[in-house]
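I opened a new notebook page for this structure. I wanted the overall picture before any single residue.

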Amino acid sequence: MLDDLCDAVSGGPDMLLMSKAMRREVSKLLRNDSRICYGPDAFGRECSHYGGVPIRVIEEDHEGNTILGFDETQGEDEDTGPSMPCVSERRNTSVACRTR
């Protein structure tokens, strides 16, 4: 799924955006996979990467509302779940997938 998401971004993604809970799930699922690694970002902060793409955590907005929680819907669908945006700042584009 993450490979398909990254491939959908024209020119390749600059980052994957997700909540801390989603990052934990991705790390748990891919713990023994060589595509996930950990290392410093451009500012020296420890960062997870998937296939060389940094995973950035989004928490809350200025009013304390959770961003990218597990309560999103898609279109007319009433089922809720998280989404995971994949962003290219260079091309000002993004693609998101629903993970459930």
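I started with burial: 38% of the 100 residues of the protein count as buried. I kept in mind that this is a predicted model.

Next I looked up the surface. The protein exposes about 6,500 Å². Carbon and sulfur atoms supply 45% of that area.

Then I turned to the elements. I found two helices and six strands. From the N terminus on, I read their order as α-β-α-β-β-β-β-β.

I checked the contacts with a separation of 6 or more. Residues 24 or more positions apart account for 51% of them.

I asked which residues form the largest nonpolar core. I listed 12: Leu2, Leu5, Cys6, Leu16, Met18, Met22, Val26, Leu30, Ile36, Tyr50, Val53 and Ile55. At least two residues of this core come from each of helix 1 (2-7), strand 1 (15-18), helix 2 (20-29) and strand 4 (53-57). Helix 1 gives the largest share, three residues.

Last, I picked histidine 49. I placed it in strand 3, which covers residues 46-50. Is histidine 49 buried or exposed? Its relative accessible area is 13%. The cut-off for buried is under 20%, so I noted histidine 49 as buried.

A polar atom of the histidine 49 side chain lies 3.4 Å from the backbone oxygen of cysteine 47.

I then left aside the neighbours within four places in sequence. Histidine 49 is in contact with Arg35, Ile36, Cys37, Gly39, Pro40, Pro54 and Ile55. Two names there, Ile36 and Ile55, were already on my page as residues of the largest nonpolar core.

Definitions and conventions:
Residues numbered from 1 in each chain as written. Predicted model: local features only at pLDDT ≥ 70, side-chain atom pairs only at ≥ 80, totals over all residues. Heavy atoms only, no water. Helix = DSSP H or I, 4+ residues; strand = E, 2+ residues; numbered from the N terminus. Buried < 20%, exposed > 50% of the residue type's maximum accessible area, 1.4 Å probe, protein only. Polar contact = N/O pair within 3.5 Å; in protein donor to acceptor, adjacent residues only side chain to side chain. Contact = heavy atoms within 4.5 Å. Areas by Shrake-Rupley, 256 points an atom, 1.4 Å probe, with all protein chains shown as cover. Core = buried A, V, L, I, M, F, W, Y, C linked by side-chain atoms within 4.5 Å.
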